[in-house]
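I am opening a notebook on a structure that is new to me.

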Amino acid sequence: MKKILSSKGFRELLRIVVVLAAGLILGFIITLIVSKEPIEAYKALLTGPLSRLNRIGDWLEESITLILAGLAISIVFNAKQWYIGVEGQMILGALVSGVVALYIPIPPFWRILLAFTGGMLVGFLWAVVPALLKAYLNASELVTSLMLNTVALKIFEYFLKNFIMPEKARYVSSFTIPPEYRMSSFVPNWPFLQSIRELWMKQTSVTWIVYLVILSVIVVYLLLYKTSFGYELRTMGSNPKFAMYGGINIKRTMILSMTISGIFAGLAGVHLTLGIHNKIIMGMTSGLGFEGIIVSILAYNNPLGVPFTGLLYGYLKAGADVMERTTDVPRELVSVIQAIVMLLITAERLLPAIQKVIAERKEKSNNRTKVGKKGEPNVT
Amino acid sequence: MSLETVLHSIFSAFFIASVIRISTPIIFPALGGLVAIQAGVSNMALEGIMNAAAFTGVIISAYTGNVWLAVLCGVLVGILIASLLALFHLRFGTDVILAGLALNLFCSGITVFLLYVLTGDKGNSATLASLTVPNVKIPWIHNIPFIGELLSGHPVFTYLAFFLVLVIYVFLYRTRFGTHLRAVGENPEAAKSLGIDVNFVRLIALIISGSLAALGGMTLSMAYLPLFQKEMASGRGWIGIAAVHLGARKPLGVLLAAILFGLADALANQVGSLKIPSQLVQMIPYVAVVIALVVYAIQQRRAILERVKKYQQTMKEQYSPRTQ
């Protein structure tokens with residue numbers, strides 16, 4: 001027991017809990033100031049996602065995207081590569097998988113398989129340019145990936161507006177993908193699960209990608225912690241000079257870290273089209289790539305932590321939606337809370353700084369009591 | 001036919017004026033990004049600062065009726081957020097990129113949140129009677145046909161932006177503090193050993209950077225249109241960072257890069273009548289940044305190789321007589 005309490009993992013968990021509580025309390029203070037029904041609003045935020053089955057479904061769907069984006073980021077951040085092109089990879093993955101599901105005339109099973117492969121492949125390929133530029137020319141991957149995000153968004157917009165969007169459509173979107181070409185419900189079609197399956201399918205559209213997400217988490221964990229490539233990747237991240245002199249092929253590791261991360265970003269895009277929206281629409285990703293960064297950071301870039309932080313983040317987002325619909329507090333409150341949480345989590349020296357202040361205070365008060373005792377020996 | 005009309009419209013004063021108009025809110029954050037990067041910290045919060053300042057300007061001007069007070073408050077908000085970035089990065093050891101991203105999230109959240117609380121609308125501030133900064137009519141030039149249309153009648157911010165390019169150049173290359181700032185960016189350890197307070201210099205750099213980005217934000221909400229919209233900066237903060245890299249981290253280069261971004265945007269609006277898709281035109285500057293980075297990297301490498309060669313040669317010249 002003592003061992004668990006003093007372990008690093010427990011301390012980090014404790015830190016997340018404390019920081020999250022601090023963020024929520026700050027959020028509550030803001031709510032108190034602006035809202036007429038602060039208690040109601042917070043109740044909706046904290047319990048809303050669980051109140052109805054369809055809301056649970058929304059929460060899970062949202063979390064799936066976040067977890068996949070978080071996994072993608074965790075790979076590059078473990079390699080200390082500031083690659084933030086997840087947004088671009090995601091939207092291209094969504095585009096490609098949508099196009100395959102809509103237009104390639106092959107049977108459903110193969111079509112979905114091809115949609116997945118295409119989405120993941122385009123995510124992989126989209127990272128090749130920044131990765132090569134970083135490895136061979138030392139061009140900042142932060143800037144190139146940021147630029148390519150916008151390029152990807154423009155490519156997406158170009159194809160959507162000029163080729164995919166039906167004429168006289170009211171929204172900038174494609175046709176809806178027919179149900180047989182989407183993913184089906186995550187509850188298997190077995191006789192004794194029939195009633196549960198029908199209940200879930202009626203209210204939610206959580207698909208079997210759930211299992212793929214679980215598999216992805218395990219794969220990324222094994223890749224990072226149980227393979228020599230993962231060891232090289234983490235060594236490069238924690239100590240690049242040691243990695244270089246230790247004979248690690250830095251260039252190869254760099255390129256692979258970014259491109260492999262792209263596979264999961266592409267997968268997140270596939271989920272957006274075939275799992276959530278069921279069509280290609282404008283602004284599908286809307287900052288989800290950046291939210292992946294927060295999810296990964298909250299989990300200290302540990303792939304096994306990502307599902308939990310992803311579910312947590314998704315819960316807050318889903319709760320915020322409920323709060324906005326039922327009370328007078330807008331959902332942006334959650335962005336504020338998340339920003340505060342992210343700042344506090346990433347502040348490495350914040351805790352030592354606070355401890356130092358407390359220690360100094362204690363010392364001062366100790367000195368004072370000593371002086372008091374010397375000066376007035378009769379008191380107590 | 002249509003190409004002709006497009007070409008005609010491109011070479012009109014109106015088009016050039018629109019390029020200037022679109023470039024202005026890019027020049028400010030680009031300069032801000034430049035000052036920060038020259039000091040060795042990248043200010044990733046430019047986007048958020050622009051949103052926050054644009055919002056503050058609109059709100060203060062709507063509630064007090066005083067434009068200049070609003071501008072002042074907007075700049076102060078920019079400074080405040082930049083100081084927060086500095087506090088977390090320099091004092092609490094947060095990675096500067098992550099802190100910047102978190103602050104962006106904070107700003108885009110809090111502006112929409114407060115907008116909704118104050119106006120009941122989440123999209124824009126149309127219900128508020130906010131003000132714009134005055135336009136400047138340059139006395140003599142205003143009446144000259146082509147040039148007058150081009151150079152005169154822009155909002156104060158536009159002239160300020162171009163003027164600040166000069167100011168930043170002088171600041172960075174002709175003042176003592178600017179030299180310190182560049183030294184800190186070039187080699188913080190060396191600067192420290194010479195007695196320069198690295199953290200202080202970076203704090204000041206971030207504050208300057210924040211106030212510049214704030215001016216950029218207010219150009220959006222208080223110059224041509226008295227209106228705040230959700231996520232008003234819409235990527236201009238990032239474009240500013242891109243312009244810094246495209247402009248080879250020099251004030252004039254950054255200015256030209258910002259104008260290139262403005263030009264591409266203005267062109268994209270114009271080519272609508274042609275068969276060229278506007279998205280492809282809008283893409284050009286982003287691709288250009290990537291290419292510029294590549295060129296920059298190749299140049300750097302070549303410079304290093306030459307230096308090594310020179311070094312080897314001098315070594316040979318120095319040591320060959322002795323060995324012979």
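**Entry 1: B:Phe157 and the cores**

I looked up B:Phe157 and, leaving aside neighbours within four places in sequence, I found it in contact (heavy atoms within 4.5 Å) with B:Thr24, B:Phe28, B:Val71, B:Val133, B:Leu215, B:Met218, B:Thr219, B:Met222 and B:Ala223. I note that this is a predicted model, where local features need pLDDT of at least 70 and side-chain atom pairs count only at pLDDT 80 or more, while totals for chains, interfaces and linings use all residues. Residues are numbered from 1 along each chain as its sequence is written, chains are lettered from A and ligands numbered from 1 in the order in which they are written, and side-chain values use heavy atoms, with hydrogens and water left out.

Next I looked up the largest nonpolar core, which has 199 residues. B:Phe157 and A:Ile293 are the residues with the most contacts inside that core. Another core, of five residues, lies apart from it, and includes A:Phe186, A:Val187, A:Leu193 and A:Trp200. I wrote down the term: a nonpolar core is a set of buried Ala, Val, Leu, Ile, Met, Phe, Trp, Tyr and Cys residues joined through side-chain atoms within 4.5 Å. Buried means under 20% relative accessible area, exposed over 50%, and partly exposed in between, with a 1.4 Å probe and protein chains only.

**Entry 2: Chain B overall**

I counted elements in chain B and got 13 helices and zero strands. Helices (H or I, at least four residues) and strands (E, at least two) are DSSP runs, numbered from the N terminus. Of the 324 residues in chain B, 51% are buried. The C-alpha trace of chain B spans about 85 × 55 × 40 Å along its principal axes. Among contacts in chain B with a separation of 6 or more, 73% are between residues 24 or more positions apart.

**Entry 3: Where chain B meets chain A**

How many residues does each chain bring to the contact? Chain B brings 41 residues and chain A brings 47 residues. The area buried between the two chains is about 3,900 Å², and carbon and sulfur atoms give 81% of that area. Buried area here is the accessible area (1.4 Å probe) that two parts lose on being put together, summed over both.

I found zero salt bridges between chain B and chain A; that term needs a side-chain nitrogen of Lys or Arg within 4 Å of a carboxyl oxygen of Asp or Glu. Two residue pairs are in polar contact between the chains, both at pLDDT 80 or more. A polar contact is a pair of N or O atoms within 3.5 Å; within protein, one must be able to donate a hydrogen and the other to accept it, and residues adjacent in sequence count only if both atoms are side-chain atoms.

On the side of chain B that touches chain A, α4 (67-91), α5 (96-119), α11 (236-246) and α13 (278-323) of chain B each supply at least two residues. α5(B) gives the most, with 14 residues. That side divides into 29 nonpolar, seven polar and five charged residues. In this count Ala, Val, Leu, Ile, Met, Phe, Trp, Tyr, Cys and Pro are nonpolar, Asp, Glu, Lys and Arg are charged, and the others, Gly among them, are polar.

Is A:Ser261 buried or exposed? A:Ser261 counts as buried because its relative accessibility is 0%. A:Ser261 sits in helix α13 (residues 250-277) of chain A. Its side chain reaches the backbone oxygen of A:Ala72 at 3.1 Å.

A:Gly119 is in helix α6 (residues 108-126) of chain A, and A:Gly119 is also buried, at 0% relative accessibility. Not counting residues up to four places away in sequence, A:Gly119 touches A:Gly93, A:Val96, A:Gly266 and A:Val270.

**Entry 4: Positive phi values**

Which residue just after α7(A) takes a positive phi? I found A:Asn138 there, with phi of about 60 degrees.

In chain B, B:Glu231 has a positive phi near 55 degrees and lies in the loop between α10 (198-222) and α11. B:Glu231 is partly exposed, at 39% relative accessibility. B:Ala248 also has a positive phi near 55 degrees, and is found in the loop between α11 and α12 (251-270) of chain B. B:Ala248 counts as partly exposed, at 35% relative accessibility.
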